[in-house]
Amino acid sequence: MPRKRKTSRSSSPRKRKGSTRRSRGALNGARRERRSALITGASSGIGLELARKFAAEGYDLIVTADNGKKLRDAARQIRTEHPDTGITLVVADLAEPDGARALHRQVKAARLNPDVLVNNAGAGVWGDFPKTDLEDELDIIQLNTASVVAITKLFVPAMIKRRSGKILFTASVASLAPTPLLTVYGATKAFVYSFSQALGDELDGTGVTVTALLPGATDTNFFKRAGAEHTQTAQGDLADPERVAHDAYDTLMKGHDHVITPTSERLMAVVSRFMPDRMVAHQNRIE
Ligand SMILES: NC(=O)c1ccc[n+]([C@@H]2O[C@H](COP(=O)([O-])OP(=O)(O)OC[C@H]3O[C@@H](n4cnc5c(N)ncnc54)[C@H](OP(=O)(O)O)[C@@H]3O)[C@@H](O)[C@H]2O)c1
């Protein structure tokens, strides 16, 4: 299961609508000149590796996730590795309909304008569709798609106004080939990829570039969290999240529209185009 359900969608006692913490370094005047990257899902896996990469490249960070403790631990790790990095922490639950707005409010309240937006937070629910929990899957749809649209809608106007910005979407190879047993998840990633490519076309000429990251199965908390850690996919050859993040960073900086990583996944993506969709789906069963 992706996370424990809350009894109420609107008033969780364990969390405010969003909370912001900024490291001392971020308040330093000199640092205001530095470029900054807002990364969702930065507390673990691919998002954490992206945050480490951006810090290594001299960016200040706005990192966000749902679990405050995990996020603070991740920020501590980055700060130890890159003491000059200004890091702002925003706790926001992006499976909640108001999560994206709460995130945007907190970032604006801290007077921050990210140069780079990384829409990375995401999760899946594994199992036979008739038996999986509907509420969990509606949360996944909110987290993986609706919040991604909302965050982009809220942050992109400032980038267009500055005529400068970069947006990275963490899609998946599942964007290109359906994933039975992670059925809803695969559909959300198809949405993300389609959205990113259409938006990239719309923003052409504005100074804002859009890049989609399509990782294959990667060694993160994803499978455990989805309840899929026992599957052959999860127990097979998994990509290194650091490598995935570095490929994503390089592609984003070049302004290219997408990257499939690791490279071993690229051939399969090409072959799939020439196969019937149902056959591709069957081959892709996550079991
Ligand atoms: N691992 C793979 O095989 C793979 C392959 C292709 C694409 N992807 C995509 O890569 C992205 C990152 O996943 P990962 O593999 O790095 O898994 P991960 O280690 O589980 O990281 C997921 C991140 O998303 C955050 N997140 C989850 N639910 C959230 C919520 N409700 N609100 C806010 N943040 C939330 C998590 O923070 P909290 O712990 O605080 O919730 C965490 O930082 C996802 O979009 C995933 O779909 C993964």
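**View 1. Helix α1 gives the shell around the ligand its largest share, three residues.** This is a predicted model, in which local features need pLDDT of at least 70, side-chain atom pairs count only at pLDDT 80 or more, and totals for chains, interfaces and linings use all residues. Residues are numbered from 1 along each chain as its sequence is written. Helices (H or I, at least four residues) and strands (E, at least two) are DSSP runs, numbered from the N terminus. Around the ligand are 28 residues, of which Gly41, Gly45, Asn67, Gly122 and Thr220 come nearest (a residue is near if its C-beta atom, placed from the backbone, lies within 6 Å). Two or more shell residues come from each of α1 (45-56) and α6 (222-226).

**View 2. Ile39 in the largest nonpolar core.** Such a core is a set of buried Ala, Val, Leu, Ile, Met, Phe, Trp, Tyr and Cys residues joined through C-beta atoms within 7 Å; buried means that 20 or more other C-beta atoms lie within 10 Å of a residue's own, with C-beta atoms placed from the backbone. Among its 73 residues, Ile39, Leu50, Ala51, Leu61, Val63, Leu214 and Ala248 touch the most other members. Beyond neighbours within four places in sequence, Ile39 is in contact (C-beta atoms, placed from the backbone, within 7 Å) with Gly47, Leu50, Ala51, Leu61, Val63, Val118 and Asn120.

**View 3. Helices α4 (residues 134-162) and α5 (residues 183-202) pack with their axes 10 Å apart, at an angle of about 5°.** The two helices are therefore roughly parallel to each other (angles under 35 degrees, between N-to-C directions of lines fitted to C-alpha atoms over the stretch in contact). Residues making the contact include Ile140 and Val148 of α4 and Phe191 and Phe195 of α5.

Terms used. A residue is buried if 20 or more other C-beta atoms lie within 10 Å of its own, exposed if 12 or fewer, and partly exposed in between; C-beta atoms are placed from the backbone. Two residues are in contact if their C-beta atoms, placed from the backbone, lie within 7 Å. Axes are lines fitted to C-alpha atoms, for helices over the stretch in contact, and angles run from 0 to 180 degrees between N-to-C directions. Angles under 35 degrees count as roughly parallel, over 145 as roughly antiparallel, 65 to 115 as roughly perpendicular and the rest as oblique.
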